[in-house]
Amino acid sequence: MKKLFILLMILAAVCFVGVWIYQTQRLKKNAQAAIGKGQVAMNWGLIILFVVGLVGAFAAPGDKTSEPAEHHPANEHATKVSKAQSSSESAAAASSSSSQSASSSSATSSSASSSSSSQLQVDFPTDVSLNKTGDATVSFKAPANTQFEIKDSNNNVVTTLNGNAQGADQTYNFKKPGKYHVTAHNGDQTIDKDLTVRGIGQ
């Protein structure tokens with residue numbers, strides 16, 4: 001807007017000078033020539049346009065081509081604060097993730113250790129031979145109230161040994177050679193083992 005007023009002021013001044021020179025030369029050639037009302041009106045019109053342009057050039061606000069310089073430090077400070085917050089959040093997230101990973105690893109290790117320590121412990125020979133009378137007596141050692149289920153190679157149940165509260169050893173006399181599968185139960189704990197009974201003298 002300010003540039004428009006300046007342009008108007010310059011055009012009015014140029015036109016006024018041009019008209020003034022024309023009228024001056026005209027009067028020199030013909031001193032008796034009368035100045036018409038149209039010329040007077042034109043002169044005053046040009047003067048008014050010049051004044052309007054002059055006032056407008058000073059009164060009109062300038063074009064805002066850039067932001068005030070004092071705003072830049074604030075913007076830079078806000079940017080730095082934002083970057084610092086982002087870095088802090090990233091570090092916190094990484095720390096939390098690492099902590100969760102360590103906790104998960106510790107929990108897994110603890111669980112495995114607990115499972116290993118609470119596993120049902122049983123003891124019996126897994127490779128025996130029939131004696132001369134055709135028997136193979138196997139003694140099963142386990143905690144109290146442990147039940148043993150013995151199956152042959154065809155998955156048929158041969159016998160079941162019910163545990164006792166005293167935890168005394170349980171025995172069973174095998175009469176036939178072959179492969180057997182022994183499963184021990186005690187509450188929620190279960191353990192499986194294979195047992196081989198060989199023929200006489202083997």
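**Entry 1: the sheet**

I began with an open sheet of 5 strands, whose order is S1-S7-S6-S3-S4 and whose pairing is mixed. Strand S1 (127–129) and strand S4 (157–161) stand at the edges with a single partner strand each, so one side of each has no neighbour in the sheet. On average, neighbouring strands of this sheet are turned by 25° against each other, direction ignored. For that angle, axes are lines fitted to C-alpha atoms, and angles run from 0 to 180 degrees between N-to-C directions.

I note the terms here. Strands (E, at least two residues) and helices (H or I, at least four) are DSSP runs numbered from the N terminus. Two strands pair if DSSP finds at least two bridges between them.

I also note that this is a predicted model, in which local features need pLDDT of at least 70, side-chain atom pairs count only at pLDDT 80 or more, and totals for chains, interfaces and linings use all residues. Residues are numbered from 1 along each chain as its sequence is written, and side-chain values use heavy atoms, with hydrogens and water left out.

**Entry 2: strand pairs**

Strands of a sheet pair through backbone hydrogen bonds, either parallel or antiparallel. I looked up the pairs in turn.

- S1 pairs with strand S7 (residues 189–198) in the parallel sense over 3 bridges; Val 128 has Val 197 in S7 as its bridge partner.
- S6 and S7 run antiparallel and are joined by 9 bridges; the bridge partner of Val 182 is Lys 193 in S7.
- S3 and S6 pair in the antiparallel sense over 5 bridges; Glu 149 stands opposite Thr 183 in S6.

The hairpin of S6 and S7 has 2 residues between the strands, and Gly 187 takes a positive phi near 65° there.

**Entry 3: two asparagines in loops**

I then checked loop residues. Asn 145 is found in the loop between strand S2 (136–140) and strand S3 (147–151). Although Asn 145 is not a glycine, its phi is positive, about 65°.

Asn 155 is found in the loop between S3 and S4; its phi is also positive, about 70°, although it is not a glycine. With 53% relative accessibility, Asn 155 counts as exposed. The cut-offs are under 20% relative accessible area for buried and over 50% for exposed, with partly exposed in between (1.4 Å probe, protein chains only).

Thr 159 is found in strand S4 and is buried, with a relative accessible area of 16%. Not counting residues up to four places away in sequence, Thr 159 touches Phe 148, Glu 149, Ile 150 and Tyr 172; contact means heavy atoms within 4.5 Å.

Met 9 lies in helix H1 (residues 2–29) and counts as buried at 15% relative accessibility. With residues up to four places away in sequence left out, Met 9 touches Phe 50, Gly 53 and Leu 54. I also noted that the C-alpha atoms of Met 9 and Ile 48, 39 residues apart along the chain, are separated by 9.5 Å.

**Entry 4: the largest pocket**

About 160 Å³ of space lies in the largest pocket. On a 1 Å grid over the protein atoms alone, a pocket is an open set of points where a 1.4 Å probe fits, with protein on both sides within 12 Å along at least five of seven lines; lining residues have an atom within 4 Å of a point. The volume is the space filled by probe spheres set on the points, which are joined across faces, edges and corners.

Strand S5 (170–174) and strand S6 (178–186) each supply at least two lining residues. The lining includes Asp 152, Val 158, Tyr 172 and Lys 179.
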